[in-house]
Amino acid sequence: MPPPHPVLRGLYAITSERICTSEKNLLAAVAAALRGGAALIQYRDKTSPPETREQHARALLALCTAHQRPLIINDDVALCARIGAAGVHLGLNDIPVADARHLLGRDALIGATCGNDLACAFSASAHSADY
């Protein structure tokens with residue numbers, strides 16, 4: 001059973017790979033999304049080096065915290081844990097939801113990509129995915 005989190009409603013903003021090449025552009029775009037009412041930010045960057053991704057994630061966490069909005073890290077449970085982000089979004093080829101829950105704890109927000117696969121969605125839910 002998923003942990004009891006408040007219901008998240010509204011815009012779920014996901015960063016674009018194109019804006020992740022410049023921290024200035026990334027922060028400006030996310031700040032605009034937060035000012036525009038984004039309820040949650042997902043940091044998605046599959047191409048930058050690990051050091052850059054951590055630097056960007058920490059800057060985004062500070063920005064999201066200032067706006068009292070959660071930051072979700074795409075795919076990277078270790079990065080999520082290291083910086084203390086609100087949670088992680090897992091793709092089909094990432095670690096299982098149950099393993100992420102074990103590593104991040106009951107309070108983490110954990111999402112899972114399922115596409116249009118209802119069995120995948122039921123499985124993710126059964127293994128404590130929040131969304």
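The model is predicted, so local features need pLDDT of at least 70 and side-chain atom pairs count only at pLDDT 80 or more, while totals for chains, interfaces and linings use all residues. Residues are numbered from 1 along each chain as its sequence is written, and side-chain values use heavy atoms, with hydrogens and water left out. Helices (H or I, at least four residues) and strands (E, at least two) are DSSP runs, numbered from the N terminus.

**Helices α1 and α2**

- The axes of α1 (residues 23-35) and α2 (residues 50-66) come within 10 Å and cross at roughly 25°.
- The two helices are therefore roughly parallel to each other (angles under 35 degrees count as such).
- On the α1 side, the contact (heavy atoms within 4.5 Å) is made by E23, L26, L27, V30, A31 and L34; α2 brings Q55, H56, A59, L60, L63 and C64.
- Sorted by type, these contact residues are nine nonpolar, two polar and one charged. Here Ala, Val, Leu, Ile, Met, Phe, Trp, Tyr, Cys and Pro count as nonpolar, Asp, Glu, Lys and Arg as charged, and the others, Gly among them, as polar.

**Helix α4**

- V97, A100, R101 and L104 of α4 (residues 97-104) are buried (under 20% relative accessible area, with a 1.4 Å probe and protein chains only).
- Seen down the axis of α4, the buried residues fall within an arc of 100°, so they line one face of the helix.
- Their cover includes α3 (77-83), β4 (87-90), β5 (109-112) and α5 (118-126).
- H102 and L103 are exposed (over 50%) on the face of α4 turned away from its buried side.
- After α4 comes G105, with a positive phi near 95°.

Technical notes: Axes are lines fitted to C-alpha atoms, for helices over the stretch in contact, and angles run from 0 to 180 degrees between N-to-C directions. Angles under 35 degrees count as roughly parallel, over 145 as roughly antiparallel, 65 to 115 as roughly perpendicular and the rest as oblique. The arc is that of the directions from the helix axis to the C-beta atoms.
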